[in-house]
Amino acid sequence: MAREFLGEFEELVLILVAALRDDAYGAAIADEIQTRLNRDVNLSAVHVTLYRLEDKGFIKSSLGGATKERGGRRKRIFTITSAGMATLKSMREARMDLWKLVPQLKFSV
Amino acid sequence: MSTKNDRHNKFDVSSRGGSLFAMRALRWLCPPVLYEEIEGDLLQRFHRECVTLGEKKATRRLTWNALHFLRPGVLLRREWTVSLTSFYMLSNYLMISLRIMRRNSVFTAINVLGLTLGMTGALLLGLWVARELSVDQFYDDADRIQIVWNRERKSDSDVACWSATPRVLAPTLASDFTAVEYAASFADYNDSYLFIAGEQRVMRNQGNFVDPEFLKILSFPLISGEVNSVLGNPNSIVLTESFAKLLFGGKNAFGETLTIAQGDYKFPFTVTGVLKDLPDNTDFHFDYLLPFSFIESNYGKEENWQNNSVVTLVKLKEGSSKALLNDQIRDLKKKNVKGEDTELFMYPLKRNHLYSRFENGVPAGGRIEIVRMIGLLAVILVVIACINFVNLSTARASRRTKEVAVRKVTGALRGSLIVQFLCESVLIAAMAGVISLVFAYFALPLFNSLTQQHLRIPWNSPAFWLYFGAAVITVGLLAGLYPSLLLSRLMPAKIMKGVWLGQGSRSRLRSALVVLQFGFALTLMVSLIVVYKQTRFLQQRSVGYDRNQLIYQYLTGTLTGNPYAYREALMATGAVASVTCTSSPVTQRMSSTSGIAWAGKDPSDKTVIERFAIDQHVSATLGVEILVGRDLDLQHYPADSSSALINEAAWKLMGFENPIGELISDSGREWRIAGVVKDFIFTSPYRRVEPIVMQGAAAGQNMTGVVHIRLVAGRSAREAIEAVAKVARTLNPEYPFEYHFVDQEYARKFSNEKSTLWITAVFSGLAIFIGCLGLLGLSTYMIEARIKEIGIRKVMGGSVIRIVRLLSMHTLRPILWSIVVFSPGAWWAMNWWLQSYEYRTAFFWWIIPAAALCLVLLALFTVVFQILRAARMNPVSTLRSE
């Protein structure tokens, strides 16, 4: 199987799935992106990315956790798979390696 | 806590109008697996935003967010399934519909026949409208093609507009204005030429002089020839395909030479292009095109800015501003001619056919008004037929209540019942549609001859089928909508118990629809009578000359130069009473001017006077009556080639007490008035008689190209014409002998009125017939429903007459109402129509009662036999069953 690559936004969403653990569902992830990264993102974009990641096997999902404020609708909770975790890690390492090649400016004015 | 609860209630999506729709769409389109969490997430965010942004904004964002989910990443995850149930039910509906239609064959026949006739009429009229709308729309870059018009302010309330322009305009536009890509003159001189190609000799006048750019502006496709060089040479000619075939037979005409002869002249021409035959939907009609450079190389360039003799076509450069160019050309005439105050402006070719009537200098409709009326007539025909359907279906609703009840009891939803009834009406409409195609196919030749068109049903055009299909389905849905809503509303429990909803409101609706139907019918009937009266009135208008035993010919060949020898020879045959040479046939105006001057003329007077050149004996030949003075007579008064006759209208205009001997001048020549003739119809029988000046001219000059021949009374016209033909052939052997009867040419002026009359007659007849069909159906139903009532009335001693009166009044009441309601409208409409004629019949008050009476009698005739039969029925046979 050819290796799956992740886009920037996909990676972001995948990290948040890993970070939010049991609370990783569409709306929550969108909220996190908005509050932490101050980046305006449409709800549907997050959802579509989540479904794509699930297709690629990086996350899996299950239904659960209906609350009153959701009008009794259940959430779809996403959890990262080990494949997803491995990809995240390898991407991070690859990135760190690359960063080492960048000449660091030690002094700043 | 209560506030929280309230808020919670608001999360219920069903309480929000705008978002409701978005959510519904989402629920319907989104994969069911994903829908729950998406909706949850949306609601969760909505809740948060209700607090932070306020409810209104939150609702808006909810809609927005929900719509965002309608994206491929979500929608394509859905697995589409097709439910076979609905297909099965559909076939069941069709089967039931067919059975019901077969069982009620009378009603089916009335419905289908009514709709068929309505649709056939609408289809024919629709073809006509489509043709009108397509005239001159098809050229490449049609939006950039303009026709130059003139605007002249005669007084503050009288601004005249016309489209004839000087020949010199087109070359000036092309050379001096950068916004103009091409400009071309288009001249319709209506001269007859003899075309000689080998052995073939043909007379034709259907051709035009044009600039070579003409075909670059109007993209008529060339079969052979190159559009850039096609008329470059003065001796080149372009023929249409069929004219080329006529001249050269099967041979390829391209590159061949032919000779064109007129009078004593003969010129060789080379065919440099063959055009595909012109389509029907154009206002340009020609068999051949000749270059202006031919005239100019023989007679010199015409630079007169005051001679409006051609139409000027302009194609603008892409992206150039029409408004700017309009500003630039407005004063072009004034700049070139001193004292001229005519402005020029451009009018789009695409609007020329339908919107070219100007009133006081601004566009004021035109033919489009007729097109709209015809379109409306088509719609009315279909509406009348639809009303039949609605009325018959609702009237018979009681017959189908049990079926509805059973379907509902076995689980049918209201929606599926509506679908069922709509299927039924669409089925009937489709049947009617198919039959109407057949009817239209057979009626088209007749319709074409009435309208003088060459319409055909575009069987191969997908657009036609699309429109036709859409129209049929629309008719089916419109007709079926109300009955289906009504029938599907019935409650099974009530039906089974025998409780039937009140009849009142529905029978009132039916009556209202009948009022509408017969209102249309009344309007059409009134218009039929008025159109008939107007046509008769115009035809009976006194012409002012004697049309019978009068023929005219265009002078050709050697006759042109020496008409006197022809005259002498004709008189010698004894078959001819009198001969007069004129500038144009007496049925056809040729030239007019506002430039004629006379003593005491008000300089601001710009009344247009018709010119008509004659040599002599006009009273003997045409039979016009001389009121004052004498006729022109060159034998006795050789100076008569500079004498003139005027008509009464011109006398009135000029205001002379005694016109005899007064001088009038035109284009630098002077004529002395020798007599006044009684007004006769020279231009249009619809209008007042225009002032005419009949200028004397020595025959054989350029002025007189037509000869009128009065045949001797008391001998058969054929014999006399044979004698004339013999003379013509001996004197002028090269040219074929052609002649026209004046009475036939005069009758042609009414062809428009005749076709209006026929169309009104046929289609109002159709509308009335369809209306009566519906009436027949309704009365059948009424009698069926009231048969026991009739029986009881008879048992109780009711007389046949009273019963007939009761039932007839029931049928006639809506018709009487329609007469009351629609008479003013019909009155107004026909007055409006008559206003378009200067010479019109009076609109008598009795026309409306007469039309109404006709309508009532027709309606009575339709139903009276049924009613009589019902009223005479033996009550035993109707009452015994219980």
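This is a predicted model: local features need pLDDT of at least 70, side-chain atom pairs count only at pLDDT 80 or more; totals for chains, interfaces and linings use all residues.
# A tour of chains A and B

**Stop 1: the side of chain A**

Stay with chain A and colour its elements. Helix H2 (26-37), helix H3 (43-56) and strand E2 (75-80) of chain A each supply at least two residues of the side that touches chain B. Which of them gives the most? Select H3(A): with eight residues, H3(A) gives the most to that side. Now colour by class. The side of chain A that touches chain B holds ten charged, eight nonpolar and seven polar residues.

**Stop 2: the whole interface**

Zoom out to both chains. Chain A brings 25 residues to the contact, and chain B brings 25 residues. How much area do chain A and chain B bury between them? The figure is about 2,300 Å², with 46% of it on carbon and sulfur atoms. Next, select A:Tyr51, A:Glu69 and A:Arg73. In chain A, these three lose the most area to chain B, together 26% of what that side buries.

Now look at the links across the interface. There are seven salt bridges between chain A and chain B. Polar contacts join 17 residue pairs across the interface, both residues being at pLDDT 80 or more.

**Stop 3: a salt bridge within chain B**

Leave the interface. Over all chains, the count of salt bridges comes to 48. For one inside chain B, select B:Arg204 and B:Asp287; their closest N and O atoms are 2.7 Å apart. This pair links distant parts of the chain, 83 residues apart. B:Arg204 is in strand E6 (residues 200-204) of chain B. B:Asp287 is in the loop between strand E11 (265-275) and strand E12 (288-291) of chain B.

**Stop 4: two helices of chain B**

Select residues 751-785 of chain B, helix H27, and residues 800-835, helix H29. Their axes lie 11 Å apart, and the helices pack at an angle of about 145°. The crossing of H27(B) and H29(B) is right-handed.

Show the side chains where they meet. H27(B) contributes B:Leu775, B:Met782 and B:Ile783. H29(B) contributes B:Leu807, B:His810, B:Thr811 and B:Ile815. Which classes do you see here? The contact of H27(B) with H29(B) has five nonpolar residues, two polar and no charged.

Methods:
Residues are numbered from 1 along each chain as its sequence is written. Chains are lettered from A and ligands numbered from 1 in the order in which they are written. Side-chain values use heavy atoms; hydrogens and water are left out. Contact means heavy atoms within 4.5 Å. Buried area is the accessible area (1.4 Å probe) that two parts lose on being put together, summed over both. A salt bridge is a side-chain nitrogen of Lys or Arg within 4 Å of a carboxyl oxygen of Asp or Glu. A polar contact is a pair of N or O atoms within 3.5 Å; within protein, one must be able to donate a hydrogen and the other to accept it, and residues adjacent in sequence count only if both atoms are side-chain atoms. Helices (H or I, at least four residues) and strands (E, at least two) are DSSP runs, numbered from the N terminus. Ala, Val, Leu, Ile, Met, Phe, Trp, Tyr, Cys and Pro count as nonpolar, Asp, Glu, Lys and Arg as charged, and the others, Gly among them, as polar. Axes are lines fitted to C-alpha atoms, for helices over the stretch in contact, and angles run from 0 to 180 degrees between N-to-C directions. A crossing is left-handed if the near helix is turned anticlockwise from the far one by less than a right angle, and right-handed if clockwise.
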